[in-house]
Amino acid sequence: MSELQYHRIADDEKGFDLSMFCVPKHYEDDLERVYIPHGLIMDRTERLARNIVNDFGYEEPIVALCVLKGGYRFFGDLLNYISALNRNTDRSFQMSVDFIRLKSYQNDQATGKIQVIGGDNLENLRGKNVMIVEDIIDTGKTMLKLLDLVKDYNPKKVRVVSLLVKRTPHSVGYRPDYIGFEVPDKFVVGYALDYNEFFRDLNHVCVVNEKGKEKYAIPKSD
Ligand code: IMP
């Protein structure tokens, strides 16, 4: 397998001024900075696709499992790059897709409860090579729970790809097999990552400001 490589975004990384990029008007006042521009996400994803294809080999089919909702854009772009490699060389492998929906966050805090709230029947994974595609690993608890669920279906091989991994003291120590970027311990949104369902419709990965957090907060129930 490729050596685990990723781009590390430093704690003091300021990112880019919002006015340098196109950001929807309705979010302009709610964001601090653009942290990872969309173009950079795409370029890194293209390289991850190449590493994955080289590691999985061409012999057997793959089931790509998308962790919803946050993973949907990364999943789509990653699979497009993998498909491009598949159709432009003399070797290829068949790929099928499955979806699972998990929920663990409210506001910018983990609730501690990880719920499976929908998705395909995981029976499809039995005996297969599985590639799980996630948006972000924070504490790592969600992925450990998912890996546990998947294990019950005895897949042949499981690999995890995450666009982002957070550097946080709350990590349980889990590291995925492929990482796009390692980011500081900040709440990030965009490119399908949300804050209470907002900001998924933002192309770049950005940091929310306090005003944005307040505006879209869900009032705490007792
Ligand atoms: P974990 O269980 O703490 O690793 O959390 C993983 C899940 O929490 C991810 O799949 C996201 O849905 C959500 N999450 C964690 N950090 C962030 C963030 O900075 N922005 C948006 N969602 C996040």
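**View 1. Aspartate 194, a partly exposed residue in a loop.** Aspartate 194 has a relative accessibility of 22%, so it counts as partly exposed. Here, buried means under 20% relative accessible area, exposed means over 50%, and partly exposed is in between (1.4 Å probe, protein chains only). You'll find aspartate 194 in the loop between β9 and β10. Helices (H or I, at least four residues) and strands (E, at least two) are DSSP runs, numbered from the N terminus. Aspartate 194 and valine 208 sit 14 residues apart in sequence, and their C-alpha atoms are 10 Å apart in space.

A quick word on what you're looking at: this is a predicted model, where local features need pLDDT of at least 70, side-chain atom pairs count only at pLDDT 80 or more, and totals for chains, interfaces and linings use all residues. Residues are numbered from 1 along each chain as its sequence is written, and side-chain values use heavy atoms, with hydrogens and water left out.

**View 2. What surrounds the ligand?** There are 17 residues around the ligand, and the closest are Asp138, Thr139, Gly140, Thr142 and Val188. (A residue counts as near if one of its heavy atoms lies within 4 Å.) β4 (95-106), β6 (129-137) and α3 (141-151) each bring at least two residues to this shell, and β6 gives the most, with 4 residues.

Now for some polar atoms, where a polar contact is a pair of N or O atoms within 3.5 Å; within protein, one must be able to donate a hydrogen and the other to accept it, and residues adjacent in sequence count only if both atoms are side-chain atoms. Glutamate 134 has a polar side-chain atom 3.1 Å from an oxygen atom of the ligand. Glycine 140 uses a backbone N or O atom, 2.8 Å from an oxygen atom of the ligand. Valine 188 has a polar backbone atom 2.6 Å from a nitrogen atom of the ligand. On its own the ligand exposes 490 Å², and the protein buries 91% of that (areas come from the Shrake-Rupley method with a 1.4 Å probe; for residues, only the protein chains shown count as cover).

View 3. Tyr27, Phe198, Phe199 and Tyr216 form one aromatic cluster. Rings of Phe, Tyr and Trp (its six-membered ring) pair if their centres lie within 6.5 Å; planes under 30 degrees apart count as stacked, over 60 as edge-to-face and the rest as tilted. The structure holds 7 aromatic pairs. In one of them, the ring centres of tyrosine 27 and phenylalanine 199 are 4.5 Å apart with planes at 35°, so this pair is tilted. Tyrosine 27 lies in the loop between β1 (7-8) and β2 (31-36), and phenylalanine 199 in the loop between β9 (188-189) and β10 (205-208), so the pair ties together parts 172 residues apart in sequence. Tyrosine 27 is buried at 3% relative accessibility, and phenylalanine 199 is buried at 0%.

**View 4. Cysteine 206, with no disulfide partner.** A disulfide is a pair of cysteine sulfur atoms within 2.5 Å, and a search of the whole structure finds 0 of them. For cysteine 206, the nearest cysteine sulfur is that of cysteine 22, 12 Å away. Cysteine 206 is buried, with a relative accessible area of 0%.
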